[in-house]
Amino acid sequence: MNTNQPDALEARGLRKLFRGVLRVDDVSFTVRPGRIVGLLGPNGAGKTTTIRLLLGLAQPDSGDALVRGERFRDLDAPAHAVGAVLDAGGLHPGRSGREHLRIAAARSRVPVARVDAVLAEVGMTRDADRRISGYSLGMRQRIAVAAALIGEPRSLVLDEPANGLDPAGMQWLRHLLRAFADAGGAVLLSSHLLSDVQEIADDIVVLTGGRVVADTTLADALTDSGGRLEDYYLGLTGTGTGVR
C-alpha cells in the first residue's frame with residue numbers, strides 16, 4: 001500500500017460565511033479509499049455547506065477542500081474523480097432517465113455505452129425511457145445515483161441519497177455503496193437516517209454549530225454508546241439546531 005497516496009476527500013480547516021452568517025468553522029476531516037464516512041448533524045449544522053465546498057460549488061473563506069489532493073476546479077477529469085448526488089428533485093421532468101444520463105455522459109466526456117451500464121447498476125433499465133415527471137422520488141434518486149456513477153468515479157459524495165427510497169431501495173443503496181467502497185472507492189454520505197448509517201458506515205463525522213464535534217470510527221462510537229449510534233449522536237448534539 002502506498003502511504004503517500006492522498007486521501008480521496010479532505011477538508012482542512014474549512015470556514016465559510018454566507019451573508020455574514022457563519023456556516024462552517026474550522027471543519028477538518030478525511031475520507032480514505034475503501035471507507036464509507038457518515039456525515040451527521042442537525043439541520044443547519046453545516047453538512048450541505050461542507051459538501052458544496054468539497055465539490056467546488058462554493059469557495060471557502062479559509063481552509064482547503066481537496067479531492068485526491070487537488071481543489072475540485074483543478075481536476076483534469078472531475079467526473080472520474082468524484083460523483084455526487086445532491087438533489088434528485090433537480091432532474092428535468094420533460095426528459096427521460098436515459099436522456100438525462102446521455103447528457104451527463106456527454107458532459108463528463110465518457111462513452112455513451114456507460115448509460116446502459118449505470119441504468120442496469122441502479123435497476124432502472126425497464127423505466128429508462130419514461131419521462132422523469134412520471135417517476136417516483138425513489139426512482140429519481142436511482143437516476144441521480146446513476147448520473148453520479150457515469151464517469152466511473154473513485155469517490156462518491158451523497159447528500160441524503162435514501163430520500164424517497166422504500167426498504168428494498170434502501171437495501172439496494174447500502175449494498176451498492178458497500179461494494180463501491182470494498183472495491184477501493186471512497187464514500188461521503190450525509191444522512192439523517194442513523195439506523196442506515198449504523199449499518200453501512202466505517203467512520204462518522206458529526207457536525208453541530210458548524211464545527212466538528214466528533215471524528216471517529218463507527219466501532220468506537222458504538223463502544224462509547226452501548227451499541228446505539230442514535231445515543232452517541234444525541235449525546236453530542238442534544239436538541240441544538242446548529243447554525244442557520
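1. Start with the lining of the largest cavity. By class, this lining has 8 nonpolar, 1 polar and 2 charged residues. Keep in mind that the model is predicted.

2. Which residues line the largest cavity? They are P161, A162, M170, L173, R174, L177, L189, S191, D196, V197 and I200. The space inside is about 100 Å³. The structure holds 1 cavity of 30 Å³ or more.

3. Now the helices around that space. α6 (167–182) and α7 (194–200) each supply at least two residues of the lining. α6 gives the most, with 4 residues.

4. Turn to helix α4, residues 113–121. Its buried residues are R114, V115, V118 and L119. Seen down the axis of α4, these residues fall within an arc of 135°, so they line one face of the helix. An α-helix has 3.6 residues a turn, so residues three or four places apart point the same way.

5. What do the buried residues of α4 pack against? They pack against α3 (97–108) and α5 (137–149). On the other side of α4, A113 and A120 are exposed. After α4 comes G123, with a positive phi near 70°.

6. Last, the strands. β1 (residues 9–18) and β2 (residues 21–31) run antiparallel, and 8 bridges join them. E10 stands opposite T30 in β2.

Notes
Residues numbered from 1 in each chain as written. Predicted model: local features only at pLDDT ≥ 70, side-chain atom pairs only at ≥ 80, totals over all residues. Heavy atoms only, no water. Pairing = 2+ DSSP bridges. 1 Å grid on protein atoms, 1.4 Å probe; cavity = no way out; pocket = protein on both sides within 12 Å on 5 of 7 lines; lining within 4 Å. Points joined across faces, edges and corners; volume = space filled by probe spheres on them. Nonpolar A, V, L, I, M, F, W, Y, C, P; charged D, E, K, R; others polar. Buried < 20%, exposed > 50% of the residue type's maximum accessible area, 1.4 Å probe, protein only. Arc of directions from axis to C-beta. Contact = heavy atoms within 4.5 Å.
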